[in-house]
Amino acid sequence: MSNVMRRALGWGGIYLVLALLPVAAVVALSPAEGRGFGVELGTLLGLLALAVMALQALVSGRHRWFGEALGFDNLLQFHRRMGLFALLLVVAHPLVMLASRPAWLDYLDPRDDTLRALALIGLLLATLLLVVTSLWRQACGLSYERWRALHGLLAVAVVGGGFGHALMVGHVTRGLPGWLLVGLVGASLLLVAQSRLLRPWRLRRRPWQVVEASPARGDATTLVLAPVGEHRLAFAPGQFAWITLGDTPFRLQQHPFSIASSAARPERLAFTIKRLGDFTTTLPEVPAGTRAFVEGPYGAFLPDAGNPSGAVLIAGGIGVTPVMSILRTFADRGERLPLWLIYANPT
């Protein structure tokens, strides 16, 4: 078994333990109250939903120490599926409990306790909106930047609201160590702060600028960046980076693109980007000198230069960009490995 596979299995096991830890703690430590199977099951579903939502910050935060072994594309798909799973848990949590205790429906009656009822209904609607706008962003008429802001706000609200709900319902957390939920939710919020605040703060000291934005075949644009200062971006061929154009890295407009240039020439970064969305269609008009910020590199789509058998590179359409970085890097380094490129395109 390779080291990468061991790391992936290890992180997968840690994720599973963290997700189930609050449930296991309630089962092991909380006193039995004889409330019935349905109520206890609904309680555990709610705790599992909170844990899964809190762990989404770990999955989606582009943390190299977590993501490199698993693959960021795989993590993105896992993030989406766990979001749907969390929504099912959030919906199942009250339904299972109300099926056992129909009288508890009064908790959702604003005439009984307006603040409590609105908070519970709002928490359910926020979770539903979080998932719906993520799966059908364009159908909802949201630009990427607006969706990103909404997604972050809703995620923090759902995790914070779920945490508050668990604390206020005393029988849920009775017998649990106080640090358990606080640690899980607190770590989630710290990861959000690290990825959304600390990283941009560091990037502001390593600015780049646009050298040129030239047309490329296939309705694409090649964007070339140069560092402002002595810093460089050390990357491996096949990796990608997140780009922000503008005077500050604290912008919602941040997009990932594969690096198409040679890793042997870090004084220039080139990205060939197909014009498909709101942001990419504006790239041909980006003037030279525009300030830019680059976060990365990320990705594990890396060739093994030590393999004497070489490599077979398979790509389609604009997906050829990381392969071009591999070919250009090997050429600049004088590598003599045999490489075969199989490239598919509609025209």
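Strand S3 (residues 240–245) and strand S6 (residues 291–298) run antiparallel and are joined by five bridges; two strands count as paired if DSSP finds at least two bridges between them. Within this pairing, leucine 245 lies opposite alanine 292 of S6. The model is a predicted one, in which local features need pLDDT of at least 70 and side-chain atom pairs count only at pLDDT 80 or more, while totals for chains, interfaces and linings use all residues. Residues are numbered from 1 along each chain as its sequence is written, and side-chain values use heavy atoms, with hydrogens and water left out.

S3 and S6 belong to an open sheet of six strands, ordered S4-S3-S6-S1-S2-S5 with antiparallel pairing. Strand S4 (255–258) and strand S5 (269–274) each have a single partner strand and stand at the edges, so one side of each lacks a neighbour in the sheet. From one strand to the next, the twist averages 40 degrees. Strands (E, at least two residues) and helices (H or I, at least four) are DSSP runs, numbered from the N terminus.

Rings of Phe, Tyr and Trp (its six-membered ring) pair if their centres lie within 6.5 Å; planes under 30 degrees apart count as stacked, over 60 as edge-to-face and the rest as tilted. Both phenylalanine 240 and tyrosine 298 are buried, where buried means under 20% relative accessible area, exposed over 50%, and partly exposed in between (1.4 Å probe, protein chains only).

The structure holds four aromatic pairs. One of them is edge-to-face: tyrosine 15 and phenylalanine 78, at 5.2 Å centre to centre and with 75 degrees between the planes. This pair links helix H1 (residues 3–29), which holds tyrosine 15, to helix H4 (residues 72–100), which holds phenylalanine 78, across 63 residues. Tyrosine 15 counts as buried at 7% relative accessibility, whereas phenylalanine 78 is partly exposed at 31%.

Elsewhere, helix H2 (residues 37–60) packs against helix H6 (residues 144–168) at an angle of about 150 degrees, with the axes 10 Å apart; axes are lines fitted to C-alpha atoms, for helices over the stretch in contact, and angles run from 0 to 180 degrees between N-to-C directions. Leu50, Met53 and Ala54 of H2 meet Val158, Val159, Gly162, Phe163 and Ala166 of H6, contact meaning heavy atoms within 4.5 Å.
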